[in-house]
Amino acid sequence: MPYWQLARMDRPIGSLLLLWPTWAALWLAAGGWPGIHLFAVFTLGVILMRAAGCAVNDFADREIDGHVKRTVTRPLATGQITPKAALGLFGGLSLAAFLLVLTTNPLTILLSLPALLLAFCYPFAKRHTHLPQVVLGAAFSMGIPMAFAAVTGEVPPQAWLLYTANLLWTLCYDTFYAMVDRDDDLKIGVKSTAILFGEMDRAMTAALQLLVLLALLLIGQRFDLSAVYYLAMAVVAVLFAQQQWMIRNRDRDACFKAFLHNNWVGLALFAGISLHYVLS
């Protein structure tokens, strides 16, 4: 079904990469299970906004996707869906997500506005900057301050530390994703961190992973998390090392697998946080 494909419902990895840090933020803010209402609002909201982001991304890339090996079969590139219909899907999904946010509190509603703006702007950033992955990271991380706002009515400094960690992590794994398309992007003039980093791509992604680990260790300290969390961070470190091994030859398929591999990183992070509250 073209609309299902446009919303990437057939590829849940994007939703999972958004959900793990959002759930982590909910658990940290609530000191454990946040309750069925907020869990449902943020889970459904993340899925809806990720789908909306994919729709507007394909709208922005409708003249480009047909020239990129990985995206040549997307519905807008093949003409199965019109640009107007893609924008309509973006609007409808965004509205549905906003209606969910309206069941929370004023601060969360206010924070949803820059979240929507970032989701809309990201696809166009690759035309103007080599750092569209930073915009994506900012968009992918907005669920974190929103989660704290929804649970506590405020966004404490440690929430922004988690936001920063997630932004850096997104920048890293989306660079792996951009490495898949680098040859095509160079031909058609699309910008990315993979192109910006060039031969330093492995070193830069490794540096980003080290910064993520440092931020996560600080989070453990700020939230007074127990040993199970630090064990999970050791797992994250091993997973990061595996990803560096995967991309060592910069093979397209291997870089894509390294990107997908980050689902396990998100799972490890959430497991470490949730188990802390279960066992404490």
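Helices are DSSP runs of H or I with at least four residues, numbered from the N terminus. Helix α9 of this predicted model holds Trp160 and Tyr163, three residues apart and thus separated by about one helical turn.

**Aromatic pairs and cluster**
- A search of the whole structure finds 18 aromatic pairs.
- In one of them, the ring centres of Trp20 and Phe270 are 6.0 Å apart and the planes stand at 35°, so the pair is tilted.
- Because Trp20 lies in helix α2 and Phe270 in helix α13 (residues 252-279), this pair ties together parts that are 250 residues apart in sequence.
- Trp160 is partly exposed at 37% relative accessibility, whereas Tyr163 is buried at 12%.

**Charges over rings**
- Arg62 lies over the face of Phe59, 4.2 Å from the ring centre.
- The charged end of Arg248 is placed over the ring of Trp245, at 3.8 Å from its centre.

**Helix α8**
- Eight of the 10 residues of helix α8 (residues 143-152) are buried, including Ile144, Met146 and Phe148.
- Their cover includes α2, α3, α5, α6 and α9.
- Gly153 follows α8 and has a positive phi, near 80°.

**Nonpolar patch**
- Leu95, Phe98, Leu99, Leu102, Leu110 and Leu113 make a nonpolar surface patch of about 560 Å².
- Helix α5 gives the most to the patch, with three residues.
- Leu113, found in helix α6, is partly exposed, with a relative accessible area of 46%.

Note on methods:
Residues numbered from 1 in each chain as written. Predicted model: local features only at pLDDT ≥ 70, side-chain atom pairs only at ≥ 80, totals over all residues. Heavy atoms only, no water. Patch = residues over 30% accessible without salt bridge, like charges linked within 9 Å, V, L, I, M, F, W, Y side chains within 5 Å. Areas by Shrake-Rupley, 256 points an atom, 1.4 Å probe, with all protein chains shown as cover. Salt bridge = Lys/Arg side-chain N within 4 Å of Asp/Glu carboxyl O. Helix = DSSP H or I, 4+ residues; strand = E, 2+ residues; numbered from the N terminus. Buried < 20%, exposed > 50% of the residue type's maximum accessible area, 1.4 Å probe, protein only. Contact = heavy atoms within 4.5 Å. Phe/Tyr/Trp six-rings, centres within 6.5 Å; stacked < 30°, edge-to-face > 60°. Lys NZ or Arg CZ within 6 Å of the ring centre and 35° of its normal.
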